[in-house]
Amino acid sequence: MPEVKKRKILFVDDESKILQGLQRMLHFMRNEWEMRFVAGGAAALDLLEKEPFDVVVTDMRMAGMDGVAFLSEVKKRFARVIRIVLSGFSNNQMVLKSVPLAHQFLAKPCDPQTLVLAISRSCALYDLLGEHSLKKLVTQVSTLPSLPALYVELEEVIQSEDSSIERVAEIISQDVGMTAKVLQLANSAFFGLPRKVNSPQEAVLFIGFKALEAMILSAHIFAQFQNTSRFQTMITDLWHHSQATAGIAKALSRQEVMDANINGYASMAGLLHDCGKLVLADNFPEKYDAALSLSEESGVPLWQAEESLFGAHHGSVGAYLLGIWGLPNPLVEALAFHHQPDSFPQDSFNVLTAVHVADALEQEDRVLEDQRSKINGNYLSRLGLQNRLPEWRDWVKGFKEKGAIHG
């Protein structure tokens, strides 16, 4: 049996006692990880020049080169490396500056289980894009592009004298990119919440108006989609489709599962399931234009056209990004497999089921048959849900006629 390649993890801190403590704490992972413990950012950059690493875990408050300067260099020079902050976050300005630089944020002291899970999960996500060149690009993405109209409206509201946290939450919840970013932040150690947050409204309330205002105006956590005119039809369709898929997925989940957590994740996964399209279109406009043309001219679903031209589809791209951002597993799994659900081990209705079915039903009677997402009959049969499809289809059709489907 071939030897499994160990993941290479680099830990950076300027306190030798902290590094020694980490080394002792993680000794049990020595058979799975090749770990190096380096004092200071400058020495860590020297090592990165000589050896490739999968993940960097760094403190922020370090003498000489602080965490912000170090992560800036890592992001610029070693694009594929996943960047995790492990710090006390005592300086608010440093926190703001680190938001565009780090994929995940963990607080000291950090128990071994939390640290190992964050690193292991990030490493596992490598398999979604393999050694594909897209990995380098996606690891560089710090925010998903937003609809220009909503972006402008949010900036106006946040600076208005009569603005409110409720209005800010309402605008953010309508946008795929903004929702993904506030979920990343709310689920990080910045705010030390005791549980995972799966609603943009809840995330905004936890973050708070003042902190969010600073992040929007100073840290620029949101960004406008740059190729709006070129992809106007696609972006408009994506916005409506994502909102409707979120509403259908949430309603289906409520019908099938009495679990508020799953229902919330179904709604969010429905809203975010196509976010990988934003990454591809915003960063590769010519190539993505070609994918749209290929889908239209050849009569194949867009995700298959993407695979043909990029070697990966938007589901994998979105899942990889949100996964390394530390968003909850149910969201990541639904994004990764919503076009190929039978590739994911599952034996009952769950978030992936809700999104897979909602994505397809929303497109029925609206998108040409060859180009739309289709429900995987074998997958539903495996879950014992094939008899539920006619009822789901009738329910969605009725709500479409009433115009009552929304996220």
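User: Is Glu-362 buried or exposed in this structure?
Analyst: The model is a predicted one, and Glu-362 lies in helix H20, which spans residues 351-363. The relative accessible area of Glu-362 is 8%. Since a residue under 20% counts as buried, Glu-362 is therefore classed as buried.

User: With which side chain does the side chain of Glu-362 make a polar contact?
Analyst: Not counting residues up to four places away in sequence, Glu-362 touches Ala-244, Thr-245, Ile-248 and Lys-400, as well as His-241. A polar contact at 2.5 Å joins the side chain of Glu-362 to the side chain of His-241.

User: What geometry does the ring pair of Phe-231 and Tyr-288 have?
Analyst: A pair of aromatic rings is described by the distance of the centres and the angle of the planes. The structure holds 7 aromatic pairs. For Phe-231 and Tyr-288, the centres are 6.1 Å apart and the planes stand at 70 degrees. Planes over 60 degrees apart count as edge-to-face, so this pair is edge-to-face.

User: How many residues apart in sequence are the parts that the pair of Phe-231 and Tyr-288 ties together?
Analyst: Phe-231 is located in the loop between strand E7 (223-224) and helix H13 (232-256), whereas Tyr-288 belongs to helix H16 (residues 285-298). Phe-231 is buried at 2% relative accessibility, and Tyr-288 is buried at 0%. The parts tied together by the pair are separated in sequence by 57 residues.

User: Which class describes the ring pair of Tyr-288 and Phe-310?
Analyst: Tyr-288 in helix H16 and Phe-310 in helix H17 (residues 302-310) are 22 residues apart, and their pair links distant parts of the chain. Both Tyr-288 and Phe-310 are buried. Their ring centres are 6.2 Å apart and their planes are at 40 degrees, so the pair is tilted.

User: Which residue has its ring under the charged end of Lys-8?
Analyst: The charged end of Lys-8 is 4.7 Å from the centre of the ring over which it sits. That ring belongs to Phe-53.

User: Which strands stand at the edges of the open sheet?
Analyst: The open sheet is formed by 5 strands with parallel pairing, in the order E2-E1-E3-E4-E5. Each edge strand has a single partner strand, so one side of each is left without a neighbour in the sheet. The edge strands are E2 (33-39) and E5 (104-107).

User: Which residue in E3 stands opposite Leu-10?
Analyst: Strand E1 (residues 7-13) and strand E3 (residues 55-58) run parallel and are joined by 4 bridges. Opposite Leu-10, the residue in E3 is Val-56.

Technical notes. Residues numbered from 1 in each chain as written. Predicted model: local features only at pLDDT ≥ 70, side-chain atom pairs only at ≥ 80, totals over all residues. Heavy atoms only, no water. Phe/Tyr/Trp six-rings, centres within 6.5 Å; stacked < 30°, edge-to-face > 60°. Helix = DSSP H or I, 4+ residues; strand = E, 2+ residues; numbered from the N terminus. Buried < 20%, exposed > 50% of the residue type's maximum accessible area, 1.4 Å probe, protein only. Lys NZ or Arg CZ within 6 Å of the ring centre and 35° of its normal. Polar contact = N/O pair within 3.5 Å; in protein donor to acceptor, adjacent residues only side chain to side chain. Contact = heavy atoms within 4.5 Å. Pairing = 2+ DSSP bridges.
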